[in-house]
Amino acid sequence: MNISYNWLHQYINSYQSVEELSEILTAIGLEVEGVSVFETIPGSLKGLVVGEVLECSSHPNADKLSLTKVDIGADEYLQIVCGAPNVAAGQKVVVATVGTTIHPLDGEPFTIGKAKIRGVLSRGMICAEDEIGLGQSHDGIMVLDPDTKVGTQVADLFDISIDHIYDIGLTPNRSDATSHIGVARDVLAYLRINTADKAKINFPDLSGFQPGHSNNFKVEIKDISACPRYSGLVIKGVKVAPSPEWLQNRLRSIGQRPINNVVDITNFVLQEMGQPLHAFDLDKIKGNGIIVQKAKNNTVFKTLDEVERKLDGEDLLICDAELNPLCLAGVFGGFGSGVTETTTDVFLESAHFEAVSIRKTSTRYLLRTDAAKIFEKGSDPSVTIDALKRAALLIAEYAGGYIDSQILDVYPKPIDKAEIKLNFDKVRSLTGAPLSNDQIINILLAMDMEVGEHRNGSVNVKVTTNKSDIKREADLIEEILRIYGFDNVPYSDSIHIPLISSKWPDKHTLTNKAADYLAASGYSQMMNLSLARSDWYQGKEEELVFIENTSNESLNIMRPDMIEAVLETLSHNINRRQKDLAFFEFGRTYNKKEDSILENETLILALTGKIKSGNWLETNKTADFFDIKKSALSLLEFMGVDYNLVEEIVNDHKWAYGIDISRGKSVLIKTGMVATDLSRQFDVESDVFVAELNWPEIVKLSAEAKTISDVVNKYPSVERDLALVMPDHLTYSEISNLIARSSGKLLDAMQLFDVYRDDEKIGKGKKSYAIRLVFSDPTKTLTDKNIDKVIKKILGTLKHQMSVELR
């Protein structure tokens with residue numbers, strides 16, 4: 001939100017410098033994120049001087065250029081080449097000397113330098129009004145009054161003002177600070193408590209308001225919960241024209257574009273008092289009345305931006321007496337009902353709308369107007385009439401209108417001030433500030449709150465209606481602390497730090513360790529939202545966790561799994577010609593089960609496209625199931641976790657094929673190829689391979705894993721190769737486990753390096769495994785006799801238990 005320093009001081013009977021006011025604003029919770037300078041004329045005409053054209057002749061090398069000699073009151077005359085058709089000797093003109101920066105209406109500022117123009121030196125520039133921001137004309141140079149003194153600074157000839165604009169990071173709860181008067185009230189409350197300054201706020205003078213006598217215009221509210229109060233009046237005889245310069249500059253200073261006097265006045269009052277207004281062309285209101293009601297579902301309504309929108313049944317409409325929609329209440333005007341150059345009679349609306357209703361409509365159609373931003377924070381219902389009077393007086397003064405009607409004010413159920421019981425000890429306990437009871441009372445009074453009698457250490461407080469967020473005692477205590485000053489709360493010289501022990505390695509450490517490993521393996525980390533679209537999971541609505549996401553209604557659930565989000569990320573990258581992708585993400589999923597919500601943490605890996613680009617030595621390598629499986633298992637090994645069961649994934653429509661890798665009853669990894677029809681829904685044509693890792697279980701097992709280190713064996717190892725013939729149904733896992741149990745402590749390593757089948761040579765239904773065994777002993781050098789003894793035991797056990805023989 002932008003707040004003007006000059007505008008703010010219009011209401012504050014006290015002086016603070018730009019820096020002092022900035023510190024006060026930040027201290028009271030209106031954090032100043034930046035301060036910029038606004039000039040009514042960009043550059044403030046600095047460096048421009050009045051000159052007199054002494055001589056004017058044709059340029060020797062150009063027909064359309066003139067060569068002038070100009071007196072600017074300096075020691076020597078300036079030779080300036082000018083291209084304007086109206087330049088002539090004897091004129092008083094605006095001269096930009098060498099080194100002056102000028103600010104044209106169109107384009108970027110630029111600095112004047114010495115230049116040779118068609119071979120002739122030019123030492124400055126004679127300016128047109130649009131070249132220095134003084135007007136729109138570019139027909140020729142700007143010619144000044146003949147009596148203007150040569151050498152005068154051009155800035156002295158015009159009324160130029162400089163303002164400082166605060167960029168305030170307004171939090172959603174600050175409904176009281178959406179306007180200049182709202183901010184001024186807060187600043188004055190702070191000054192009354194923290195300084196000797198007892199200044200009062202300068203509210204606009206409304207004493208000149210005289211209502212009209214007409215009462216034939218009617219207002220009806222059909223939904224008083226969405227529109228608790230609706231005020232308005234009729235102004236006739238209006239002449240729509242540009243606003244006065246002061247009003248245009250007020251709006252420009254805070255980044256708004258002036259439109260016309262009537263619309264600018266409504267915008268000015270909004271920024272001044274925090275009350276949105278809307279001006280209707282009275283001739284466009286049929287039936288001489290207004291009806292406030294909810295829209296019918298799928299009603300087509302053309303808004304001010306000429307876009308036709310299908311409305312929701314929850315949208316609030318301002319309609320005329322014949323039920324023709326005129327405006328999306330509190331959000332955006334309708335096309336054809338607003339003020340134009342031909343408007344002469346105006347109906348001025350000043351209403352209070354319910355915050356949630358406005359926020360939903362505003363976000364539903366992405367219409368983030370200034371009015372909607374104020375209403376959704378909670379506007380002040382008590383200010384609607386004063387805002388009407390202020391706008392009406394300004395329109396009468398600057399648009400020539402007169403107030404025709406009485407004030408229309410439909411307010412069936414007046415909103416009472418929130419009443420809160422405040423305990424003085426609770427204030428001191430929560431804030432840590434040594435506030436006396438009287439200080440607390442003074443702070444409340446400084447914020448214009450009503451304070452009742454003190455009883456038993458407590459007091460009843462009536463909160464002003466402009467602070468819609470204050471509903472509890474804690475809210476009120478926060479307001480007291482804000483005005484008292486956070487910096488005034490004493491703090492201790494000592495720091496007490498609790499010693500909290502936890503198991504190491506902790507989850508955070510292991511997660512970073514895994515992320516580093518995957519990044520080193522060629523994967524890139526992605527971060528997706530925990531939100532998803534419910535239409536991705538049709539038929540599973542009972543398992544979904546729905547949310548009210550007003551900022552993006554399509555993302556209306558918490559994601560139940562991570563595959564769809566991964567596919568969307570892959571599609572996003574593929575559409576930008578990044579087709580060879582390896583991603584990982586740590587994320588959470590959410591599933592509804594009966595009355596509870598299950599939250600699970602998952603690590604997901606994804607591969608698609610090529611994992612190795614070909615060259616003269618190697619061919620392209622496209623990602624496949626074994627690549628994703630290898631990545632997942634190598635991570636598992638890196639984390640010190642082993643597994644003992646592999647099963648095929650069945651009856652899961654998201655997988656074309658895949659396996660579950662488990663340890664005991666816990667599935668550690670689910671990996672495979674994503675179903676093609678699912679990938680195609682996200683426009684991913686290539687095969688996608690995914691591994692979902694049960695991260696909490698892996699972290700738990702990794703933390704329990706023990707790393708055993710030993711000295712390097714100084715004695716040599718011995719290798720023996722065995723060719724074993726066995727029934728075809730036996731697996732390598734069964735064989736290797738039995739060999740390990742039979743070998744004792746001497747076996748260091750085992751490797752399968754060949755599998756052979758031949759019905760004629762080794763028999764039908766049999767196969768041969770070639771296995772390399774590595775033996776060592778940390779206490780001595782092994783002899784053939786030692787090794788033969790172990791080999792004999794291994795072969796005997798294999799033959800006895802599995803009918804395995806040496807080939």
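This is a predicted model: local features need pLDDT of at least 70, side-chain atom pairs count only at pLDDT 80 or more; totals for chains, interfaces and linings use all residues.
A polar contact here is a pair of N or O atoms within 3.5 Å, where one must be able to donate a hydrogen and the other to accept it.

Thr431 sits in helix α9, which covers residues 424–431. Its side chain has a polar atom 2.7 Å from the backbone oxygen of Val427. Is Thr431 buried or exposed? Buried means under 20% relative accessible area, and Thr431 comes in at 10%, so it counts as buried. If you set aside neighbours within four places in sequence, the residues that Thr431 touches are Ile477, Leu481 and Val489.

Now let's head along to another helix, α19, made up of residues 784–802. Its 19 residues stretch 26 Å from the first C-alpha to the last, close to the expected 27 Å. Which of its residues are buried? They are Ile787, Val790, Ile791, Ile794, Thr797, Leu798 and Met802. Look down the axis of α19 and these buried residues fall within an arc of 130 degrees, so they line one face of the helix.

What do the buried residues of α19 pack against? Their partners are β40 (718–727), α17 (732–743) and β42 (766–775). Turn to the face pointing away from that buried side and you'll find exposed residues: Lys785, Lys789, Lys792, Lys793, Lys799 and His800. Finally, just after α19 ends, Ser803 takes a positive phi of about 60 degrees.

Note on methods
Residues are numbered from 1 along each chain as its sequence is written. Side-chain values use heavy atoms; hydrogens and water are left out. Helices (H or I, at least four residues) and strands (E, at least two) are DSSP runs, numbered from the N terminus. The expected span of a helix is 1.5 Å times one less than its number of residues. Buried means under 20% relative accessible area, exposed over 50%, partly exposed in between (1.4 Å probe, protein chains only). The arc is that of the directions from the helix axis to the C-beta atoms. Contact means heavy atoms within 4.5 Å.
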